[in-house]
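Subject: Structure handover

Hello,

Here is the structure you were going to take over. My notes on what was found in it follow below.

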Amino acid sequence: MDRQEEILPTEHEVYHPSAEAISEAVIKDYDALYARSVADPEGFWATEAKELEWYEPWDQVLDDSNPPFFKWFTGAKTNIVHNALDRHVKTWRRNKLALIWEGEPGDRRSYSYYRLWQETCRFANVLRSMGVQKGDRVTIYMGRVPELAIAMLACAKVGAVHSVVYGGFSEQALADRIDDAQSRVLITQDGAWLRGKIVELKKTADEAIRRSPVVEHVIVLKRTEQEIYMEPGRDYWLHDLLALPIAAPTCSTEVMDAEDPLFILYTSGTTGTPKGLLHTHGGYQVFTSTTLKWVFDFKEADRWWCAADPGWITGHSYIVYAPLILGATSFMYEGAPTHPYPNRWWKLVESYGITILYTAPTAIRGLMRFGDAWPNRHDLSSLRLLGSVGEPINPEAWRWYHRVIGKDKCPIMDTWWQTETGGFMITPMPSVPLKPGSATRPFPGIEAEIVNEEAEPVKANEDGYLVVKKPWPGMARTVYGDPDRFVSQYWERFQKQGYYLTGDSARKDEDGYFWIIGRIDDVIKVSGYRLGTAEIESALVSHKAVAESACIGIPDELRGNVIWAYCILRSGYEGSDRLVAQLKDHVRHETGPITVPAKIEFVDKLPKTRSGKIMRRVLKAQALGQDVGDISTLEA
Ligand code: WT7
């Protein structure tokens, strides 16, 4: 709630698309399309689904007989890889560039659709030879390299369920995710380049496997080439496997039911263990491709750069699957935006002729800091559209992005969505007037609303719960292995109405524009990354000096929020700067660099409810010097 003043501009600043922009846009009349879509959502999604190829058609578009476990396109046979690769290599697209990549050290590679398809086939054959079958889970722990996309596609091709763990996570986080998914196979790399240094992924993977012994085979990509430990009989170099006769460049694609699982992606929630959101082949391919096609107005000649990490949903949906389904050319960059200088991104835009750039507010703020001279040294005139995702974009960053990067001519698509939603939910399209800081209005087929405790819509400009009233094809189907948690987390609150609870608070203005305020649960967005307080707290208490801890998010100009941690020490330990440093190191090691608290404070007591729940909002109000509000449930 703290940032709302900054987010809501007092004057109503509106950016209208030019007549030319509207005439070039795929969707020229949002209102008409939206009205048509919600009048008959099933008909609407069926029309979009017919844009794709299916091995066998569906019997039913939406099966809502067992809410909230909705099913889409039931009876259909498909495989997302058929739409992403197989069908393209039968057309002229086989020669089109699918992926252009640049490594941080400056090495370059590119893949035509044909080559990407072949590499996927070869990798898929390797997986099959290791006994990976339909339904098996495979964990992928890699950096931003083409092989990560190939590994995901190869899993999907053989019907295995991939679980990509972000390379910025450390050993405990990785071990927990391997355990939860029970992956027998892990795909990783020796190291990844970041800011000129090596992130030792294999080393972390080794330690994670020690904690989670279910892993039988490890496939290792050689990238950074430092000496690493390879366990005989368990670890294999990818290049050795690909040199075997089994790694033939053709491979059959597993025929899947539309509702068969495609991937698990872990995200932070309100309790300690991360939730594995499960997405499926059928509905997800329809939803991600439709949203990308319209919001970013895809044209055949575009060069699309989604600068997210493939380890997050943004990368799954909009680096890997949707662009390939659309037959687009994607660009991917391995390293840091500021390496070796703060012009790296702008240099990339110029040298590859990027036409659409999609990134996060935290990255924009980070680059804005270095001033206009860095982008101004480059020709950015190839850009025609910009995008933002991950957290509310503050109007100042929006205006800089618009003026300095987009030269006042590129509309900014501020897309609100979540790991759970699979794709864009509230977002403009190029023909829609923009208000800096607002994700504008719902995507066609999506009915979003702001409601109060009683599930009634609130008045214009009033805060409330952001909910989605009707199912959509890209929605997560369950929490892997824990359907009860899926129900309790997202559906119980407005069970009677059947609304999906997003966990965000928001408001809607008199024009029906949505303004996202932030999370209402114990989830903190740090640099756009979604972190659960519980996971960091358990990392802290796993240190021998800490008895109990509580973490909160504090607004930060650059990173959106930073974490402050409060710790009660075990007897015999005393707070000191050295202990603070040790604890930070410990968290970095356990859960990863992004989870490290900016501040650690030692306390004797934490505010708790009588039932023993930590009242983080009290800590936060105290930290910000605000009124602590209703503390009637506070323990005496
Ligand atoms: C949470 C979901 C969606 C892919 C990346 C994040 C926040 C996301 C926006 C936006 C305001 C946003 C919300 C949401 N969020 N996009 N455009 N404006 N807030 O996925 O890690 O699942 O996080 O990110 O709080 O609930 P995620």
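Ile140 is in contact with Leu148, Ala151, Met152, Cys155, His162, Ser163, Val164, Val165 and Ile187, leaving aside its neighbours within four places in sequence. Please keep in mind that this is a predicted model. Ile140 is also one of the residues with the most contacts inside the largest nonpolar core, along with Phe73, Ile187, Ile219, Phe296, Trp305 and Tyr321. That core has 150 residues. Helix α7, residues 146-157, supplies the largest share of this core, nine residues. Another core lies apart from it and has 42 residues, including Val165, Val215, Ala545 and Leu579.

How many of the residues of helix α14 (residues 361-368) are buried? Eight of the eight are, so the helix is largely enclosed by the rest of the structure. The buried residues are Pro361, Thr362, Ala363, Ile364, Arg365, Gly366, Leu367 and Met368, a list in which Arg365 counts as charged.

Strand β18 is covered on both faces. Ile356 and Tyr358 are buried on one side, and Leu357 and Thr359 are buried on the other. Strand β16 (residues 303-306) runs parallel to β18 and is joined to it by three bridges. Within that pairing, Trp304 has Ile356 of β18 as its bridge partner. Strand β19 also runs parallel to β18, with four bridges between them. There, Tyr358 stands opposite Gly387 of β19.

The structure holds five cavities of 30 Å³ or more. In the largest cavity there is about 60 Å³ of space. Its lining consists of Ala98, Leu99, Leu116, Ala149, Ile319, Val320, Leu324, Ser330 and Met332. Of the elements, α12 gives the most, with three residues. By type, the lining residues of the largest cavity are eight nonpolar and one polar, with no charged residue.

The second largest pocket has a volume of about 430 Å³. Its lining is made of 19 residues, and those nearest the centre of the pocket are Ser18, Ala21, Arg384, Lys409 and Pro411. Helix α2 (residues 19-24) gives the most to this lining, with three residues. Which types of residue make up the lining of the second largest pocket? It divides into nine nonpolar, three polar and seven charged.

Two cis peptide bonds are on my list. Pro67 and Pro68 are joined by a cis peptide bond, with omega about 0 degrees. Pro68 is in the loop between β1 (60-63) and β2 (71-74). His339 and Pro340 are also joined by a cis peptide bond, with omega about -5 degrees. Pro340 is in the loop between β17 and α13.

Positive phi values in residues other than glycine come up at Asp408 and Thr440. For Asp408, phi is near 60 degrees. Asp408 sits in the loop between α16 and β20 (412-415). For Thr440, phi is near 65 degrees. Thr440 sits in the loop between β20 and β21 (448-451).

Are these residues buried or exposed? Asp408 has a relative accessibility of 53% and therefore counts as exposed, the cut-off for exposed being over 50%. Thr440 has a relative accessible area of 1% and is therefore buried, the cut-off for buried being under 20%.

Regards

Methods. Residues are numbered from 1 along each chain as its sequence is written. This is a predicted model: local features need pLDDT of at least 70, side-chain atom pairs count only at pLDDT 80 or more; totals for chains, interfaces and linings use all residues. Side-chain values use heavy atoms; hydrogens and water are left out. On a 1 Å grid over the protein atoms alone, a cavity is a set of points where a 1.4 Å probe fits but cannot get out, and a pocket is an open set with protein on both sides within 12 Å along at least five of seven lines; lining residues have an atom within 4 Å of a point. Grid points are joined across faces, edges and corners, and a volume is the space filled by probe spheres set on the points. Helices (H or I, at least four residues) and strands (E, at least two) are DSSP runs, numbered from the N terminus. A nonpolar core is a set of buried Ala, Val, Leu, Ile, Met, Phe, Trp, Tyr and Cys residues joined through side-chain atoms within 4.5 Å. Buried means under 20% relative accessible area, exposed over 50%, partly exposed in between (1.4 Å probe, protein chains only). Contact means heavy atoms within 4.5 Å. Two strands pair if DSSP finds at least two bridges between them.
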